[in-house]
Amino acid sequence: APHQVSIEIQAQQSGPVINKDIYGQFAEHLGRGIYEGIWVGEDSPIPNTQGFRNDVVAALKAIQVPLVRWPGGCFADEYHWRDGIGPRDQRPVKVNTHWGGVEETNAFGTHEFFQFVELIGADAYVNGNLGSGTVQEMAEWMEYMTSDKNSTLANERRKNGREEPFEIAYFGIGNESWGCGGHMRPQYYVDLYRQYATFLKTPPGKRPKLVASGGHTEDTEWTEVLSANIHRDMDGISYHFYTLPTSDWQKKGEALGFDESMWLATLERTYRIDQYLRDNLAVLDKNDPDGKLAFYVDEWGTWYDPEPGREPGFLYQQNSLRDAVVTAVNFNIFHEHAKRVQMTNIAQMINVLQAMILTDKEKMILTPTYHVYGMYKVFQDATSVPFKIETGQYGNGDKSVPAVTASVAKGTDGKLYLALVNLDPNESATVGLKLNGIKASQAVGQILTADKMDAHNSFAQPEVVKPKAFSAKLSNLSLPAKSVVVAELK
Ligand code: AHR
């Protein structure tokens, strides 16, 4: 039988703003994420603008990517910025020891990164090297990027083609310092953070938000130790959470061809982030009662077994309707915690993990995840509107999740938007809305759904999963099984 869901909306009240940076993306030097995915070089037969793929740039502009994090991930803590500046044919070739042991030509460096974000209209999140770089190296990179003086470093930037300083929205001091970033204890990291942050100097008004590298999954110790011991030069603490269907890193589960138990396991795992956020935010509420610190989920998304026959270190995976549902569930959770959760980055933008875009030489496909980003863009900088939802569960005694989750917000265009996701792959849901403070009779927008749980777009069939127009009377609002809807209430 269909799920019976009721939602009561207080349209006359407002909650926190949903920071557009919640819709940020992560682009690491990993597999075919940067090389092939973004950068093909000026001499490539693939249509490009100064080396950047035209098709990819246009697709990313269409979903209004607000922010891109670069160069890693684990790669960030072995990246030396001087390798990636100056004439490309003179840049050193390194080995990407984290990801496949492949050659890193450094053709894509600091200038290329900023050119790319400027092309797609996004802000920059640069992640510094704390794990294997020095305080001096990090401080000089910051000066190189941001100084407006006549210093030798700023003039080197000018000589390399960039007169004006680059604008950095966020700067990360290390990545996963508990793991690939140096296997540190949080107590040790705290002192390093304080030291590195001290020497990051920027012109007045140009200081990026500084991000401390925090914990992951159920851990709250990093949030605890960092928020209790870093008292300046920290705007927020980062946190990572990946959705593995099995929760087992040796056998994570497949991207396609899974059964319903894996569908449920994936959604149950992804939904855990709600509790993990609550636990971490409770620590912040205790140590930072004035709410000065933000919480940044700067890596999240699905992580499946590598596709057979491909380099496992490249983390290439297909993307299906299940990923679309995972995306919408996460957005609805992030919106709920929008007071502190002010920035997130899905891992990763192109050809890596839960990607927006997959490429094969000159071909490109948009994934179901991409389409959810497109549908949800009305929530960027929208003001959340309080609501109460009553819904049954989907699942069994062992594992279950809410059958339907939702978001309500007033967009920057003044319109009232409702997002709904039905997590149940078999049953539809009937949604009864009670509106306070606004009159509306219909929901008009878009829906994303498909017949099969693992419906996906391929290079042979690129348009199997894509949004369609949605229009319903509020007196008769129903969500098909396994679907995502974003609609204006009017
Ligand atoms: O996104 C892939 C990797 O996952 C990142 O490099 C690292 O930070 C995390 O472990």
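Which residues are around the ligand? They are Glu28, Gly72, Gly73, Cys74, Asn175, Glu176, Glu299, Ala347, Gln348 and Leu353. Here a residue is near a molecule if its C-beta atom, placed from the backbone, lies within 6 Å of it. By class, this shell has three nonpolar, four polar and three charged residues. Ala, Val, Leu, Ile, Met, Phe, Trp, Tyr, Cys and Pro count as nonpolar; Asp, Glu, Lys and Arg count as charged; the others, Gly among them, are polar.

This is a predicted model: local features need pLDDT of at least 70, side-chain atom pairs count only at pLDDT 80 or more, and totals for chains, interfaces and linings use all residues. Residues are numbered from 1 along each chain as its sequence is written. The mean pLDDT of the protein is 98, and 100% of its residues reach 70 or more. pLDDT is the predictor's confidence in each residue, from 0 to 100. For the complex, the predictor gives an ipTM of 0.99 and a pTM of 0.98.

Return to Ala347 and Gln348, both around the ligand. The peptide bond between them is cis, with omega near -5°. Gln348 sits in the loop between strand E13 (341-347) and strand E14 (357-360). Helices (H or I, at least four residues) and strands (E, at least two) are DSSP runs, numbered from the N terminus. Another cis peptide bond joins Trp70 and Pro71, with omega about 5°. Pro71 lies in the loop between strand E5 (67-70) and strand E6 (94-96).

One more backbone detail is worth a look. Leu315 is not glycine, yet its phi is positive, near 50°. Leu315 is in the loop between strand E12 (294-302) and H8.

Now follow the chain into H8. Helix H8 (residues 321-336) packs with helix H9 (residues 368-375) at an angle of about 35°, and their axes are 7 Å apart. Axes are lines fitted to C-alpha atoms, for helices over the stretch in contact, and angles run from 0 to 180 degrees between N-to-C directions. From H8, Leu321, Asp323, Ala324, Thr327 and Ala328 meet Pro368, Thr369, His371 and Val372 of H9. Two residues are in contact if their C-beta atoms, placed from the backbone, lie within 7 Å. This contact has five nonpolar, three polar and one charged residues.

Finally, step back to the domains. The protein is divided into domain 1 (3-9 + 387-489) and domain 2 (19-380). These bounds come from an automatic or database domain assignment. Taken over C-alpha atoms, the two domain centres are 29 Å apart. Domain 1 gives 30 residues to the contact and domain 2 gives 35 residues. On the side of domain 1 that touches domain 2, strand E20 (404-410) gives the most, with four residues. The residues of that side divide into 18 nonpolar, eight polar and four charged.
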